[in-house]
Amino acid sequence: MIVDEFMIDYERQKRTGVSEIIYGEGKNVEQIEHIIDDMFQHDQKEIFISRVSQEKANVLKNIFPKFTYNELSKTFYWKEDETLINSGKIVVVCAGTSDLPVAMEAVDIARFLGNDVDLISDVGVAGIHRLFSKLDQIRHANVLVVVAGMEGALASVIGGLVEAPIIAVPTSVGYGANFHGLSALLSMLNSCSNGVSVVNIDNGFGGGYMAHSINSLANKKSGIE
């Protein structure tokens with residue numbers, strides 16, 4: 001079933017600087033195809049769809065071959081102009097390999113929005129020496145996105161080592177008492193480190209988007225834009 005018309009917010013970019021992002025989970029292939037066609041008909045220069053399953057992507061990629069699909073983060077996107085618009089660095093720091101799908105969602109949206117983004121992975125607190133070996137790179141960031149499951153301690157640790165703002169992203173990675181990410185969320189919300197804000201469980205998109213917003217503001221204040 002395809003609805004006759006999608007109420008896509010084509011004025012959002014004028015208001016917020018970013019065009020509407022499409023949430024792919026819960027939409028079937030026909031609906032996503034119809035949305036993309038509609039956006040092209042309205043002369044959209046960039047389209048980003050999150051949470052697109054491999055099964056849907058296999059079909060959509062044949063219809064829209066210019067789009068990029070990241071099977072890890074499940075993002076499906078296309079952009080006419082990939083020029084960087086912000087000079088400051090965003091660094092996404094990921095505790096473990098199991099957290100990578102969420103971390104890559106943050107990386108993808110931040111890069112899509114025109115930022116220079118680095119990813120540092122597998123530096124969780126269980127082997128904290130690995131984190132220390134990356135501190136120089138981490139400290140050069142304008143803003144950090146810290147992604148962690150289990151007890152979610154990584155954001156607090158990094159918060160005590162840097163001056164840049166941190167967006168903490170809890171993941172649902174962990175055993176039973178992790179409660180599908182609730183324990184990591186509560187740990188991050190109760191962080192004793194200054195400068196740590198928190199988005200919802202597994203919301204890599206939200207973390208990457210917020211990092212872009214902060215980085216854009218920093219660039220404007222420095223006279224880059």
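How many salt bridges does the rule find across the interface of domain 1 and domain 2? I took that as my question for today, and I kept in mind that this is a predicted model.

**Entry 1: finding the two parts.** I started with the domain assignment, which gives domain 1 as 11–79 and domain 2 as 86–221. I then looked up how far apart they sit, and their C-alpha centres are separated by 25 Å. For the contact, I noted 15 residues from domain 1 and 13 residues from domain 2.

**Entry 2: the buried area.** Next I checked how much area is buried between domain 1 and domain 2, and found about 1200 Å². Carbon and sulfur atoms give 66% of that.

Entry 3: The rule finds one salt bridge across the interface of domain 1 and domain 2. I also looked up a salt bridge between glutamate 105 and arginine 51, where the closest N and O atoms are 3.2 Å apart.

**Entry 4: other polar pairs, and the face of domain 1.** Across this interface I counted six residue pairs in polar contact. On the side of domain 1 that touches domain 2, the elements giving two or more residues are β2 (46–50) and β4 (75–79). I sorted the residues of that side too, and got seven nonpolar, five polar and three charged.

Key:
Residues numbered from 1 in each chain as written. Predicted model: local features only at pLDDT ≥ 70, side-chain atom pairs only at ≥ 80, totals over all residues. Heavy atoms only, no water. Domains from an automatic or database assignment. Contact = heavy atoms within 4.5 Å. Buried area = accessible area lost by both parts, 1.4 Å probe. Salt bridge = Lys/Arg side-chain N within 4 Å of Asp/Glu carboxyl O. Polar contact = N/O pair within 3.5 Å; in protein donor to acceptor, adjacent residues only side chain to side chain. Helix = DSSP H or I, 4+ residues; strand = E, 2+ residues; numbered from the N terminus. Nonpolar A, V, L, I, M, F, W, Y, C, P; charged D, E, K, R; others polar.
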